[in-house]
Amino acid sequence: MTLTALSRVCQAAAQAAARLVREMREELVSEDGRVAAKAHKSSAVDPVTAVDLASERFLQHFLLTALPDSSLLGEEEGKTVNLRLLAGNDEWDPNHPGVSAGRRINSSDGIAVKGGLHAPSGKEIASSGFEDGTNHDGADATEGGSESVTEDRIVWVVDPIDGTVNFMYGQPDCAVSIAATVNGVPVAAAVAQVPTGTTYIAQVGGPARRIAETADADDKDQILKAPSATELASSLVATGFGYVAAQRRVQAQVLMQLLPLVRDIRRAGSAALDLCHLAEGTVDAYYEHGLGPWDYAAGSLIAVRSGVELILPSLDCDKAKQMLVAGAKGEVLPKLLQVLAEAGRG
């Protein structure tokens, strides 16, 4: 399978799941305009809804039907699963709508279910920006790499709703995030904003793109090139906070050190969309500690392919280590990292 075909699978799955999330919200929303939590994770303010669970289940069926020998790591499951494991646990429904959707994408794209995947070259892996604690710039990646990789080496890294609290309250910054990874490196990605359907996509060796669901034909598909910023003092910086009180106290202390040194701070509530906003230039920089791989796998590739420089942990890094994800273009990133280092871990 080519990277272009794999990117189309990411895009189709993310857009289909985003539609499902929109439709389920319309069904479940209460009179006060909110969707109730079904359970909680790290704290009483870290919710999971029935729609998170339904979206992840849809993506399992879609993606593991499209590539039956692949595996999937989702936020809600919290572990890597495959079709055989789900079937053995009676969690695979051959009549699930995701199965038929996955079959359609195979048919429409001509994807060979047992086919190989174009593997990224060493230069492409380096410029996709995924080595623990290393700074990367994705502007000069090439189309190189001719060897194939079998389907069983592909792991989908999925966030069924990134920005669950926003989704519950009806805020716009929530998205479905999907990255196809090989050897821990994202090679294709899509992030679909739930309310609007706008989808950000990227693949190794290609540009980052923004596809608007309702835009005029001339503006529907745009290549993203992040603008350069030179001064931290004039930069609009995006960030996010955890859901554990002790972590928030530390993050607040870091923010107090940073805020006087920048133009302003934005906290949208979705790391995946923060990174897409960085790619499109609606913020100048981004930082956050303690993310899970599903939070940044797709968005990071999109940001890198727009020319953003990133520092981030490997996808198998334990989020409990509170590792940093940070990005900017031009001279801003080293200045931001210096301030964060002086302020302490957030």
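**Entry 1: burial and surface**

I looked up burial for the protein chain: 55% of its 346 residues count as buried. Buried means under 20% relative accessible area, exposed means over 50%, and partly exposed lies in between, with a 1.4 Å probe and protein chains only. The model is predicted, so I noted its limits: local features need pLDDT of at least 70, side-chain atom pairs count only at pLDDT 80 or more, and totals for chains, interfaces and linings use all residues. Residues are numbered from 1 along each chain as its sequence is written, and side-chain values use heavy atoms, with hydrogens and water left out.

I then looked up the surface. The protein chain exposes about 14,400 Å². Carbon and sulfur atoms supply 49% of that area. Accessible areas come from the Shrake-Rupley method with a 1.4 Å probe; for residues, only the protein chains shown count as cover.

**Entry 2: the fold in counts**

I found ten helices and 18 strands in the protein chain. Both are DSSP runs numbered from the N terminus: helices are H or I with at least four residues, strands are E with at least two. Next I checked contacts, meaning heavy atoms within 4.5 Å. I took those with a separation of 6 or more: residues 24 or more positions apart account for 68% of them.

**Entry 3: helix 8 and helix 9**

I looked at helix 8, residues 271–280. Ten of its ten residues are buried. Among them are Leu273, Asp274, His277, Leu278 and Glu280. Just after helix 8, Gly281 takes a positive phi of about 85 degrees.

How do I describe two packed helices? I use the angle between their axes and the distance between the axes. Helix 8 packs against helix 9 (residues 293–305) at an angle of about 5 degrees, and their axes are 8 Å apart. That makes helix 8 roughly parallel to helix 9. Angles under 35 degrees count as roughly parallel, over 145 as roughly antiparallel, 65 to 115 as roughly perpendicular, and the rest as oblique. Axes are lines fitted to C-alpha atoms, for helices over the stretch in contact, and angles run from 0 to 180 degrees between N-to-C directions.

I listed the residues that meet. Helix 8 brings Ala271, Ala272, Leu275, Cys276 and Ala279. Helix 9 brings Asp295, Tyr296, Gly299, Ser300, Ile302 and Ala303. By class, this contact has eight nonpolar, two polar and one charged residues.

**Entry 4: salt bridges**

How many salt bridges does the structure hold? I found eight. A salt bridge is a side-chain nitrogen of Lys or Arg within 4 Å of a carboxyl oxygen of Asp or Glu.

Arg22 forms one with Glu213, with the closest N and O atoms 3.6 Å apart. The pair links distant parts of the chain, 191 residues apart. Arg22 sits in helix 1 (residues 3–28), and Glu213 in the loop between strand 12 (208–211) and strand 13 (221–224). Glu213 is partly exposed, at 37% relative accessibility.

Asp264 and Arg266 meet at 3.2 Å, N to O. Asp264 is partly exposed at 31%, and Arg266 is partly exposed at 41%.

Lys335 and Glu331 meet at 3.9 Å, N to O. Salt bridges that share partners also join Lys41, Glu75 and Glu76 into one network.

**Entry 5: His289**

Is His289 buried or exposed? His289 is buried, with a relative accessible area of 8%. I found His289 in strand 16 (residues 285–289). His289 and Leu324 are 35 residues apart in sequence, yet 4.4 Å apart in space, C-alpha to C-alpha.

How values were computed
Ala, Val, Leu, Ile, Met, Phe, Trp, Tyr, Cys and Pro count as nonpolar, Asp, Glu, Lys and Arg as charged, and the others, Gly among them, as polar.
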